[in-house]
Amino acid sequence: MRKESSVPVPKATIGISSLLVVFIILCLVTFACLSLSTARSDYDFAKKNADHKTAYFNACSEAEKLISDSTSGKSDDTSWTVPIDDKSALNVEIEKNGESCTITSWQVVSTVKRDYNQNMNLIQ
């Protein structure tokens, strides 16, 4: 018969709590990176939207000045195109009724020239 020794054999084990801590840290880092990325894209979108709205309201203000000049007799024009940015403009048309006027069109239009006559090679 063999006699069993009472000396414990060292084991290199990682406990379940250590694995859980490593997994939680990886999850937190991943979610932090995703949150940062989402926040940055939301900020960029909000800034572009604010810039566009500011340009639109500046064009509206300019169009209202032109309408005021037309109704006060300083100008005989009844339609205007006020640029908003390099891709869009505000088209305004009025109808004069003596001292007053009626706005018949207040429309944002695209000023980008598109080429719809493009050939595509689908089968080669």
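This passage describes the fold of one protein chain and some of its residues.

The model is predicted, and local features are reported at a pLDDT of at least 70 and side-chain atom pairs at pLDDT 80 or more, while totals for chains, interfaces and linings use all residues. Residues are numbered from 1 along each chain as its sequence is written, and side-chain values use heavy atoms, with hydrogens and water left out.

The chain contains one helix and three strands; helices (H or I, at least four residues) and strands (E, at least two) are DSSP runs, numbered from the N terminus. Along the sequence these elements follow the pattern α-β-β-β. The radius of gyration of the chain is 34 Å, well over the 14 Å that the globule rule gives for 124 residues, so the chain is more spread out than a compact globule. This radius is taken over C-alpha atoms, and the globule rule is 2.2 Å times the number of residues to the power 0.38. Taken along the principal axes, the box filled by the C-alpha atoms is roughly 120 × 50 × 20 Å. Of the 124 residues, 12% count as buried, where buried means under 20% relative accessible area, exposed over 50%, and partly exposed in between (1.4 Å probe, protein chains only). Contact means heavy atoms within 4.5 Å. Among contacts between residues at least 6 apart in sequence, 33% join residues at least 24 apart.

The three strands form an open sheet in the order β1-β2-β3, with antiparallel pairing. β1 (79-83) and β3 (100-110) stand at the edges with a single partner strand each, so one side of each is left without a neighbour in the sheet. From one strand to the next the twist averages 20°; axes are lines fitted to C-alpha atoms, for helices over the stretch in contact, and angles run from 0 to 180 degrees between N-to-C directions. Two strands pair if DSSP finds at least two bridges between them. In general, strands of a sheet pair through backbone hydrogen bonds, either parallel or antiparallel.

β1 is joined to strand β2 (residues 88-97) by five bridges, and a hairpin connects the two through four residues. Within this pairing, Val-82 stands opposite Leu-90 and Pro-83 stands opposite Ala-89.

Ala-89 lies in strand β2 and counts as buried, at 3% relative accessibility. Apart from neighbours within four places in sequence, Ala-89 is in contact with Thr-81, Val-82, Pro-83, Ile-84, Gln-107, Val-108, Val-109 and Thr-111. The C-alpha atoms of Ala-89 and Thr-111 are 6.6 Å apart in space, with the two residues 22 apart in sequence.

Helix α1 (residues 16-71) lies across β1, β2 and β3 and runs at about 25° to β2. Ser-70 belongs to this helix and is buried, with a relative accessibility of 2%. Excluding neighbours within four places in sequence, the contacts of Ser-70 are Ser-75, Asp-77, Trp-80, Ile-94 and Lys-96. A polar atom of the Ser-70 side chain lies 2.9 Å from the backbone oxygen of Asp-77. The side chains of Ser-70 and Lys-96 are joined by a polar contact of 3.3 Å. A polar contact is a pair of N or O atoms within 3.5 Å; within protein, one must be able to donate a hydrogen and the other to accept it, and residues adjacent in sequence count only if both atoms are side-chain atoms.

Rings of Phe, Tyr and Trp (its six-membered ring) pair if their centres lie within 6.5 Å, and planes under 30 degrees apart count as stacked, over 60 as edge-to-face and the rest as tilted. By this rule there is one aromatic pair. The ring centres of Tyr-56 and Phe-57 are 5.4 Å apart and the planes stand at 65°, so the pair is edge-to-face. Tyr-56 is partly exposed, at 23% relative accessible area, and Phe-57 counts as exposed, at 53% relative accessibility.
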